[in-house]
Amino acid sequence: MKCLVTGGNVKVLGKAVHSLSRIGDELYLEPLEDGLSLRTVNSSRSAYACFLFAPLFFQLYQAATPGQDPLRCKILMKSFLSVFRSLVMLEKMVEKCCISMNSRSNHLVVQLHCRYGVRKTHNLSFQDCESLQAVFDPATCSHVLRAPARVLGEAVLPFPTALAEVTLGIGRGRRVILRSYQEEEADSTVKAMVTEMSIGEEDFQQLQAQEGVAITFCLKEFRGLLSFAESASLSLSIHFDAPGRPAIFAIKDSLLDSHFVLATLSEPTLNSQDRNCSELPQPVPELQAHSTPYPDDFASDDMDSYMIAMETAGGSEVSRTLPSISLSPGLQLPCNSEEEAELSPVPGTPPPKKFRSLFFGSILAPAHSPLGPSPVLAEDSEEEG
């Protein structure tokens, strides 16, 4: 694999890496016919992110050496982020960036060609891996919001940087409400400050949602995608369904696609917020009637089925059995709201007992797996004693 990024696209690539670093500690890099894919997932499996850069994004793009299969690799996020750490330096000093993969030495080589003939070479160790992918379909979501990233970026600006979660909902007059989420403590006598922003319907390019719906998700990951979309002057689409189902945040351009899939609270407790300062009406009990119906075959499946990761190190025979991954959404499976995953606290993620985990499994070749998917990553837990 070899690709060459020039001009302002070097900074765009760096901004994408910064957004991904807000979610996961490992970066999955996969050259495809549709372009170069960068993916990551957080340790609690509650957030997944993917950037797909089209071949036109690069001055030179070669997915694989002729006669060889494309290579996939997994590297530490900190290692790759260190190459693009200073966005100012990328903009002022770097003229082009060359990324190549050396399968013999298991190194990802990143060369920065700077002004005055300076060349910086980074040799990053990687591991062979299978493709990390999430199965989701924005088209099945009942509610869609789309607005310029600048509008949403200004709306979340007043929220404290330490705030973990934010609630997004549709208030009276079809105004979009963004409110800080605070978990109510039973024995607490001190009321925390609640920040709330209201955006008019006229500021949205698309607003397909009924009054009263609301979801709560992590603000840190949302800010990461907003920062990227705002710097590129792109619009951001938010696809969501009932609380507890993953929300899909998407941006689309002729040169790149990006999808962030974030877990949401199973039951956002609007009652715990200050109703006097809120424009959000109570969620209508008929919300499920407006949700997209699902086949009866999946009625007993959990929301864990939304996500599938293939992370085991396999040979070329296994890799060839895997389907090509693109940002074209797949089938979205339903969830069972009666079960909750107990996860260890992860910095920048919601309260573990409130959010559901997005389960990951592995799809292997028939010769390796007799029946079907087998899990390779278990839920996080802590042993007592």
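Which residue is the bridge partner of His 239 in strand 19? Select His 239 and look across to strand 19, where the partner is Ile 248. Before going further, note that this is a predicted model, in which local features need pLDDT of at least 70 and side-chain atom pairs count only at pLDDT 80 or more, while totals for chains, interfaces and linings use all residues. Residues are numbered from 1 along each chain as its sequence is written, and side-chain values use heavy atoms, with hydrogens and water left out.

Next, select residues 235-240 and 247-252, which are strand 18 and strand 19, paired in the antiparallel sense over 3 bridges. Strands (E, at least two residues) and helices (H or I, at least four) are DSSP runs numbered from the N terminus, and two strands pair if DSSP finds at least two bridges between them.

Now widen the selection to the open sheet of 10 strands, whose order is 10-6-2-3-4-20-19-18-12-16, with antiparallel pairing. At its edges stand strand 10 (127-128) and strand 16 (206-208), each with a single partner strand, so one side of each is left without a neighbour in the sheet.

Within this sheet, select strand 4 (47-53): 7 of its 7 residues are buried (under 20% relative accessible area, with a 1.4 Å probe and protein chains only), so the strand is largely enclosed by the rest of the structure. On one side are Ala 47, Ala 49, Phe 51 and Phe 53, and on the other Tyr 48, Cys 50 and Leu 52, all of them buried. Strand 4 pairs with strand 3 (residues 35-41) in the antiparallel sense over 6 bridges, and Ala 49 is the bridge partner of Thr 40. Strand 4 is also joined to strand 20 by 7 bridges, again antiparallel, with Ala 49 opposite Phe 260. In the hairpin of strand 3 and strand 4, which has 5 residues between the strands, select Arg 45, which takes a positive phi near 60°.

Finally, turn to the open sheet of 4 strands, ordered 15-14-13-17 with antiparallel pairing. Its edge strands are strand 15 (196-199) and strand 17 (214-218), each pairing on one side only. Strand 14 (residues 176-180) is joined to strand 15 by 4 bridges, and Leu 178 stands opposite Met 197 in strand 15.

Methods: Buried means under 20% relative accessible area, exposed over 50%, partly exposed in between (1.4 Å probe, protein chains only).
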